[in-house]
Amino acid sequence: MREITVGVVAPAYVNVPLWVAQERGFLERRGLAATERILGTTHGVTNALRDGEVDIALTAPEGSIADAVAGGPLRVVAGLTDRPPLSMIALARHHAFGDLRGGRIGTSSLTEGTRHVAERMLAAHGLTYPADYNFALAGSHVERWKALQTGTIDAALQMIPYDDMAVEAGFTSLGPVTEEFALNAVCVRLPAERAVLTPFLQALAEAAEWFGGHVEESAAIAAGRTSIEPRFALRACQVLADGGIIPRDLRSAPGALAAVIEALRSSHLIPPEAADPVAAVDYSYLR
């Protein structure tokens, strides 16, 4: 059995395919055993991948794309999320996006993931960074939930099922993310061992397919991994299954990937004259 370490930001429901692959034996049948390493932030996962501390990363793709454009060894080899299952959750005293003017928006990174999704969402409602609000490094959605509860941030994008949990607890939901954005991807450091990576991706693809037809069983697996009430776990898995969030072929939709590249360019994290960022995405390991 080949042991591999998979870096993740948090025990997030976008990682349900990995949990299913572990629990249902899809990895084991391919001679693999995957151990998760929780790193707390998207850039933390990217750094761990770059430094060889994890074999594979399930994280926001921006860091790997920017690294590849700069001549580095990181690559995106599969997509896991085409539409982020996130909602903007605010303190109870905020009732509209305009109420966030001058506020602190929690995020897990200033260069990857929810920062870009939040910035685009706020811009659509007339708020621009940094003129109208500040970002606060609050960690993963689990840590952002704690920050909301203590009132140290005004709002944050919250992953399912934490959005439902927050609304039930009296916080304000300003609405879900509706646009495409490749929030979560499988990233590796070259040279990647194809004999390991391809079976891993095959197991994820099989798990994603199984998940679509076994939502209740998947919710039970997810509830056990996150210690979240089964009713919230079930609702989260229903959203994942019904929302076209997980690409079944593990290839990000062109629009979702384009949104990431646009965010990288608008944030000046990759220069306009850089090589084509799409070259940082290599789906050949899926074959």
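## Salt bridges across the chain

Let's start at Glu 206, which is partly exposed, with a relative accessible area of 28%. In this predicted model, the side chain of Glu 206 meets that of Arg 30 in a salt bridge, 2.9 Å from N to O. The two come from distant parts of the chain, 176 residues apart: Glu 206 sits in helix α7, and Arg 30 in the loop between α1 and β2 (32-38). Arg 30 is partly exposed as well, at 29% relative accessible area.

This pair is one of 16 salt bridges. Another joins Glu 23 to Arg 225, with the closest N and O atoms 3.2 Å apart. Because Glu 23 lies in helix α1 (residues 16-23) and Arg 225 in helix α8 (residues 215-226), the pair ties together parts that are 202 residues apart in sequence. Glu 23 is partly exposed at 46%, and Arg 225 is partly exposed at 27%. A further salt bridge links Arg 231 and Glu 168, whose closest N and O atoms are 2.7 Å apart. Here Arg 231 belongs to helix α9 (residues 230-242) and Glu 168 to helix α6 (residues 162-168), 63 residues apart. Arg 231 is partly exposed at 44%, whereas Glu 168 is exposed, with a relative accessible area of 51%. Through shared partners, salt bridges also join Glu 23, Glu 36 and Arg 225 into one network.

## The nonpolar core

Now for the inside. The largest nonpolar core has 112 residues, and Tyr 13, Val 16, Met 88, Leu 100, Val 186, Phe 200 and Leu 201 touch the most other members. Helix α7 (residues 194-213) is the top contributor to this core, giving ten residues. In soluble globular proteins, nonpolar side chains tend to be buried together.

Beyond its neighbours within four places in sequence, Val 186 contacts residues including Ile 56, Val 76, Val 77 and Leu 80, along with Phe 200, Leu 201 and Leu 204.

## A five-stranded sheet

An open sheet with mixed pairing runs in the order β7-β6-β8-β5-β9. β7 (133-137) and β9 (172-176) are at the edges with a single partner strand each, so one side of each has no neighbour in the sheet. On average, neighbouring strands of this sheet are turned by 30° against each other, direction ignored.

Strands β5 (residues 86-90) and β8 (residues 155-159) run antiparallel and are joined by five bridges. In one of them, Ile 89 has Ala 156 of β8 as its bridge partner. Helix α5 (residues 141-150) packs on the sheet, where α5 touches β5, β6 (103-107) and β8, and its direction makes about 140° with that of β8.

Helix α4 (residues 114-123) includes Thr 114, and seven of the ten residues in α4 are buried. Among them are His 116, Val 117 and Met 121. Thr 114 counts as buried because its relative accessibility is 8%, under the 20% limit. Its contacts beyond four places in sequence are Leu 86, Thr 107, Ser 108, Arg 144, Leu 157 and Leu 183.

Ala 192, in the loop between β10 (185-189) and α7, is partly exposed at 22%. Setting aside residues up to four places away, Ala 192 touches Leu 197 and Tyr 285. Phe 171 is 21 residues from Ala 192 in sequence, and their C-alpha atoms are 44 Å apart.

As for cysteines, the whole structure has zero disulfides. Cys 187 is buried at 0% relative accessible area, and Cys 237 is buried at 0% too.

Note on methods: Residues numbered from 1 in each chain as written. Predicted model: local features only at pLDDT ≥ 70, side-chain atom pairs only at ≥ 80, totals over all residues. Heavy atoms only, no water. Core = buried A, V, L, I, M, F, W, Y, C linked by side-chain atoms within 4.5 Å. Buried < 20%, exposed > 50% of the residue type's maximum accessible area, 1.4 Å probe, protein only. Helix = DSSP H or I, 4+ residues; strand = E, 2+ residues; numbered from the N terminus. Contact = heavy atoms within 4.5 Å. Pairing = 2+ DSSP bridges. Axes fitted to C-alpha atoms, helices over the stretch in contact; angles between N-to-C directions. Disulfide = S-S within 2.5 Å. Salt bridge = Lys/Arg side-chain N within 4 Å of Asp/Glu carboxyl O.
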